[in-house]
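Visitor: Can you walk me through this one? Keep it quick, please.
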Amino acid sequence: MEKYTLEDCSMYTHLQIKNKDVYIFEAHNMALPVWGTYSDRYQTEFNLITFDSHTDTRTPFTAEVISRSNDFEVSPKHPVVKDILKGKHYKKDEFCFEDVFKIALQYVRNDEHILTADYFGYIKSYNVICDLDDFEAKGYESDDRVRGYDAKYFVREQQSKINYNDIELPIILDFDLDYFIHDNCINEELKKAIAPLVKNATLITIAKEPEYFEQCKMQNDYTNKKALEDLLLMIEQVL
């Protein structure tokens, strides 16, 4: 009997834009099964670049551990985490899409997927471009590096000044639509800056996050649908 795969799952929209794989989904935690699928198929760890209003780098399974045990000391060795992962095939040398899909859907919140992907071995570094101020971004980066993560945080104002060519291949390029807070966010400056990322990415993932989009947007008539259309057009234009 054949395994259920990413391509069988109706929760994802798969586009090929000039032979570039793009996956679109609602909540950001559902990036995890996509990243896992590609890590398994390529048998490698990726470097992640994500554009998001939020950092989305909370410790894996934090919400689940707290809700089950009221314990705020969360780690992969916690009994709740061990129980969640017992019998599950999530590592790239034994990857099962169904298992990781259920883990993401039931136990991973939409701000825990990045460090979960790091723990599962799908990514080896992450670069977060987000809406922090510079002091906060440096604090997040320092804290994560102390914890052993290969992490870099950048503020929105730096998005066009980062040398994306310095990011080692292979890469996954990821977007949360709540990053695009008005219709001028996707402009010629951004397009020129991230063109190398779009061209070099093995995979592009897009989380629509409509509720957070509505909370973050700074232009009343800008819609989630329009932000997605603008982003897809930019991807097509730079390829």
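Guide: First, a term: helices (H or I, at least four residues) and strands (E, at least two) are DSSP runs, numbered from the N terminus. This is a predicted model, where local features need pLDDT of at least 70, side-chain atom pairs count only at pLDDT 80 or more, and totals for chains, interfaces and linings use all residues. Residues are numbered from 1 along each chain as its sequence is written, and side-chain values use heavy atoms, with hydrogens and water left out.

Visitor: How many helices and strands does the chain have?
Guide: The chain has 9 helices and 7 strands.

Visitor: Is strand β4 enclosed or open, and why?
Guide: Strand β4 covers residues 123-130. It is largely enclosed by the rest of the structure, because 7 of its 8 residues are buried. Buried means under 20% relative accessible area, exposed over 50%, partly exposed in between (1.4 Å probe, protein chains only).

Visitor: Which strands pair with β4?
Guide: Strand β3 (residues 46-51) pairs with β4 in the parallel sense, over 6 bridges. Two strands pair if DSSP finds at least two bridges between them. T50 stands opposite V128 in β4. Strand β5 (residues 151-155) also pairs with β4 in the parallel sense, over 5 bridges. There, N127 faces K152 in β5.

Visitor: And how does the chain get from β4 to β5?
Guide: Through helix α6 (residues 134-146), in a right-handed β-α-β crossover. Right-handed means that, with the strands pointing away from the viewer, the path from the first strand over the helix to the second runs clockwise.

Visitor: New topic. How much of the whole chain is buried?
Guide: Of its 239 residues, 53% count as buried.

Visitor: What box do the C-alpha atoms fill?
Guide: Roughly 50 × 45 × 35 Å, along the principal axes.
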